2 protein chains.
Amino acid sequence: MTIYDIAKTCGVSIATVSRVLNGSAKVRAATRDKVLAAMEEQKYTPNPFARGLGLDSMKTVGILCTDISDAFFAKAVSLVEPNLRSRGFDVILGCTGNDPADKKKYLHLFLERHVDAIILIGSSFGEIFDHSHMVPATGKVPIFIINCNVKFPNVYCVVCDEAGGFCETAQLLAKGGYKHILYLYDRLTYSGKQKLKGLHEGLKKSKLEANPQLEIMVERTMSDAKNVVDKLLAEKKPFDAIIASEDILAIGAQKALVAAGLSMPVIGCNNSILASCSTPALTSLDNRLEALCPATVNVLLQVLEGKGKMTPSVTTFEPYLCYRDSFKKTE
Amino acid sequence: MTIYDIAKTCGVSIATVSRVLNGSAKVRAATRDKVLAAMEEQKYTPNPFARGLGLDSMKTVGILCTDISDAFFAKAVSLVEPNLRSRGFDVILGCTGNDPADKKKYLHLFLERHVDAIILIGSSFGEIFDHSHMVPATGKVPIFIINCNVKFPNVYCVVCDEAGGFCETAQLLAKGGYKHILYLYDRLTYSGKQKLKGLHEGLKKSKLEANPQLEIMVERTMSDAKNVVDKLLAEKKPFDAIIASEDILAIGAQKALVAAGLSMPVIGCNNSILASCSTPALTSLDNRLEALCPATVNVLLQVLEGKGKMTPSVTTFEPYLCYRDSFKKTE
DNA sequence: GTGAAAGCGCTAACAT
DNA sequence: ATGTTAGCGCTTTCAC
């Protein structure tokens with residue numbers, strides 16, 4: 001079933017069929033209806049490969065994340081995919097893992113496939129751009145990064161001001177009288193650095209000094225966070241509140257506190273579904289995926305429409321603290 | 001940069017270039033090396049649309065789930081995508097939501113795109129097949145369903161024996177002296193029915209009667225499960241153990257118990273990351289995604305290699321109970 | 001408003 | 001072992 005079949009049954013040329021297919025105005029109404037009817041009846045659908053060959057596009061965008069089983073990335077994809085779909089784009093997904101070489105490999109796979117655009121979710125993709133010569137393909141296809149800020153031609157960033165969020169959070173704790181904040185984090189990606197920077201700023205503004213002994217890098221697992229806090233507790237290291245760069249770490253910390261029969265403010269980040277599952281429910285800094293994702297799609301559409309020069313290269317949103325039981329709002 | 005350019009710089013025909021591209025044996029080593037070198041130097045990559053047009057395939061499989069932000073589906077995708085990728089397939093993802101009409105729409109979008117195969121994750125996709133005339137396209141492209149069992153030409157199912165798992169779980173509780181099991185579930189999909197059936201079997205084998213008053217349908221949210229259990233507790237409904245069809249419901253139930261200062265066995269299902277985040281950590285029936293997903297990919301590859309007649313239409317795995325704090329193993 | 005024909009870049013059958 | 005050529009199904013320019 002091709003454009004030729006339709007043309008034949010309608011007694012018109014394939015050019016005409018192609019025109020109605022593409023909604024071209026230059027077709028007499030009667031002709032159009034006839035063609036449309038034939039398509040309907042024969043259940044014709046255009047061959048996407050043929051169209052792709054001619055137009056050099058199949059209207060697809062590639063989405064990359066390190067691990068879709070991570071709640072944060074999964075949520076982002078769940079916000080982006082239906083949105084793009086409703087705009088007529090297909091989404092091809094890649095889970096790269098953490099190896100930079102693999103990230104680049106996926107990027108090139110997407111480019112070889114002639115996707116229309118690429119979305120990178122998570123600031124760990126910043127490392128791809130660390131050495132510009134490693135990204136030869138940049139420029140061909142616009143790239144959109146969610147939650148990372150890099151300056152590069154034809155890449156657009158949509159980020160949350162996590163530095164600001166962590167700064168305010170630290171001040172909030174300081175104001176509540178907590179002077180020894182334990183900070184747990186997993187990686188110093190762009191986002192990771194922002195958080196740490198914000199934390200330090202907040203402490204400074206509160207006339208507190210950052211204590212390197214209380215800034216601890218752990219694996220991105222609940223169990224490792226718990227073990228670390230268990231140990232700190234056993235060593236009687238003095239801290240009176242906990243902030244974590246990820247909910248999953250905060251939950252591990254929380255578990256250690258519960259096991260020790262202790263209670264102190266614990267604040268996570270991402271405001272993922274994990275936060276509400278924790279007991280006590282976790283207060284968490286919400287980095288606004290619900291805003292970042294639609295914004296990313298909007299930016300993407302603008303760029304593809306050729307309005308790249310009118311499009312901001314960085315779009316920033318403000319986070320907010322979602323209060324739950326692990327740190328209650330004070331007036 | 002096309003096959004023609006390479007041919008020209010090498011002084012050979014495009015057929016020869018195509019042959020080395022496809023690893024055909026009938027090329028002299030010297031020629032092949034020359035061509036390969038030219039490709040390397042000019043950074044040539046074949047146009048996937050042109051190839052797709054000729055072969056009617058771009059080596060893509062479509063994956064559908066209702067909601068990728070759900071931990072279960074996300075985990076499944078994270079297990080399937082890298083596997084398919086390593087076999088040279090691209091994955092296009094669709095999040096359908098729960099409306100059957102949307103599910104069908106996505107299915108047709110994939111078919112129009114000429115994917116090589118389709119994977120449906122989750123038993124709620126069984127409903128698509130309820131009325132055969134709704135699936136006109138079936139037969140064209142093989143369909144693989146994870147965790148659902150439907151009989152249909154050219155669809156292959158990979159399932160976990162959840163009925164068996166729930167049966168044994170119920171017996172286990174009965175043996176432990178728990179006679180009034182509260183069962184929380186969200187939907188009666190294929191999987192949902194299996195679970196309920198297994199529960200009833202387990203009760204019967206333990207000489208216990210199923211109590212419809214203790215089989216309660218709730219929304220698939222932690223908060224709804226918690227509210228329901230809160231209410232049951234307030235009404236002093238007698239139950240001494242809880243099983244839930246999903247971890248997230250078990251966690252809600254658990255929260256209600258904790259809030260009431262009570263403790264009793266709670267068993268979830270899926271053994272998702274949520275289970276370990278809960279406090280107390282949730283004992284959960286693991287439905288073996290780590291086995292189902294690779295198995296699905298294997299079945300898919302077999303079918304695409306034309307060995308469909310040698311491929312089982314249903315592949316079944318056994319679940320196992322992952323013990324944590326909410327129900328301890330008894331000897 | 002409609003048609004004829006070239007072209008998109010590849011694969012594969014056929015010829016040499 | 002290598003070259004020639006006819007598709008694959010669409011879009012688009014150029015005539016009419």
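1. Which polar side-chain atom lies 2.7 Å from a phosphate oxygen of DNA strand C? The atom belongs to A:Thr16, and the pair counts as a polar contact, that is, a pair of N or O atoms within 3.5 Å, where within protein one atom must be able to donate a hydrogen and the other to accept it, and residues adjacent in sequence count only if both atoms are side-chain atoms.

2. A word on the basis of this note: the model is predicted, with local features needing pLDDT of at least 70 and side-chain atom pairs counting only at pLDDT 80 or more, whereas totals for chains, interfaces and linings use all residues. Residues are numbered from 1 along each chain as its sequence is written, chains are lettered from A and ligands numbered from 1 in the order in which they are written, and side-chain values use heavy atoms, with hydrogens and water left out.

3. Around DNA strand C there are 27 residues, a residue being near a strand if one of its heavy atoms lies within 4 Å of it; A:Arg19, A:Thr31, B:Ile3, B:Ser18 and B:Tyr44 are the closest. Sugar or phosphate supplies 65% of the atoms of DNA strand C within 4 Å of the protein, and bases supply the rest.

4. Backbone atoms also reach the phosphates of DNA strand C: a backbone N or O atom of A:Arg28 is 2.8 Å from a phosphate oxygen, and a polar backbone atom of B:Asn47 is 3.2 Å from one. Two or more residues of this surface come from each of α2 and α4 of chain A and α1 (3-10), α2 and α4 of chain B, where helices (H or I, at least four residues) and strands (E, at least two) are DSSP runs numbered from the N terminus.

5. DNA strand D has 28 residues around it, of which A:Ile3, A:Ser18, A:Tyr44, B:Arg19 and B:Thr31 come nearest. Of the atoms of DNA strand D that come within 4 Å of the protein, 60% are accounted for by sugar and phosphate.

6. In the surface near DNA strand D, α2(A) gives the largest share, five residues.

7. By class, the surface near DNA strand D has 14 nonpolar, nine polar and five charged residues, and that near DNA strand C has 13 nonpolar, nine polar and five charged. Here Ala, Val, Leu, Ile, Met, Phe, Trp, Tyr, Cys and Pro count as nonpolar, Asp, Glu, Lys and Arg as charged, and the others, Gly among them, as polar.

8. Between the two protein chains, 47 residues of chain B are in contact with 47 residues of chain A, contact meaning heavy atoms within 4.5 Å. The buried area is about 3,800 Å², of which carbon and sulfur atoms give 66%; this is the accessible area (1.4 Å probe) that two parts lose on being put together, summed over both. On the chain B side, B:Phe49, B:Arg113 and B:Cys277 lose the most area to chain A, together 19% of what that side buries.

9. Chain A also holds an open sheet of six strands with mixed pairing, in the order β7-β6-β8-β9-β10-β12, two strands being paired if DSSP finds at least two bridges between them. Its edge strands are β7 (215-217) and β12 (320-322), each pairing on one side only.
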